[in-house]
Amino acid sequence: CANNASQTIVINALPATPVLAVTQPTCSIATGILNITSTIIDLTFSLDKAPFISYPLTGFTGVGGGNHVVVAKNLQGCQSATANAFVNAAPNPPTAFATIVTNAACGSKNGTIKLGLVTGGTPPFAYAFDGGQFSSAVDYLNLAAGAYTLAVKDANACTFSQSVIVD
């Protein structure tokens, strides 16, 4: 007696591991963003073992510094391998800088400003005088009495500016 019975076995494929693009924090945005650059169709995602959700159109925003994991889940409930991403801590911007001012004498243009120690920020630093280009110059000479705006920019492009008065 021949048995011609057949049975269909369905094997659900695992979703592909999500491919992540990280937008690191900046001076103006204190947290990172994780974007999924692989397919998101018919998938939900879990960030750091949180409940699975539909992929947010703006990516996973507000992501703090450190290691993070993302897992995809398909409609059959199968989960992908874990995708890992690292988000840097928010940069520490410059918050002040020292100045040494020599006042101008009796209407002359002989005042000076010398920039000193920068508080905060990440070296190397660049400096700008009165809205000019950033450079390594820290001495500003032949100044008349008046208010001048000086700015410092650090390695993360974080800036801080302050007004300095030459009497």
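Here are some notes on the fold, the surface and one group of aromatic rings.

1. First, the ground rules. This is a predicted model, where local features need pLDDT of at least 70, side-chain atom pairs count only at pLDDT 80 or more, and totals for chains, interfaces and linings use all residues. Numbering starts from 1 along each chain as its sequence is written, and side-chain values use heavy atoms, with hydrogens and water left out.

2. On secondary structure, you get 12 strands and zero helices in the protein chain. These are DSSP runs numbered from the N terminus, with helices being H or I of at least four residues and strands being E of at least two. The radius of gyration of the protein chain is 28 Å, well over the 15 Å that the globule rule gives for 167 residues, so the chain is more spread out than a compact globule. That radius is taken over C-alpha atoms, and the rule is 2.2 Å times the number of residues to the power 0.38. The C-alpha trace spans about 120 × 25 × 20 Å along its principal axes.

3. Of the contacts in the protein chain with a separation of 6 or more, 52% are between residues 24 or more positions apart; contact here means heavy atoms within 4.5 Å. Buried residues make up 28% of the 167, where buried is under 20% relative accessible area, exposed is over 50% and partly exposed is in between (1.4 Å probe, protein chains only).

4. As for the surface, the accessible area of the protein chain is about 10100 Å², and 56% of that belongs to carbon and sulfur atoms. The method is Shrake-Rupley with a 1.4 Å probe; for residues, only the protein chains shown count as cover.

5. There are five aromatic pairs in the structure. Rings of Phe, Tyr and Trp (its six-membered ring) pair if their centres lie within 6.5 Å; planes under 30 degrees apart are stacked, over 60 edge-to-face, and the rest tilted. One of the pairs is Phe-45 with Tyr-55: the ring centres are 5.9 Å apart and the planes sit at 70°, so this pair is edge-to-face. It links distant parts of the chain, 10 residues apart, with Phe-45 in strand 3 (residues 43-47) and Tyr-55 in the loop between strand 3 and strand 4 (60-63).

6. Tyr-55 also pairs edge-to-face with Phe-60, at 6.0 Å centre to centre and 75° between the planes. Together, Phe-45, Tyr-55 and Phe-60 form one aromatic cluster. Phe-45 is buried at 1% relative accessibility, Phe-60 is buried at 7%, and Tyr-55 counts as buried at 15%.
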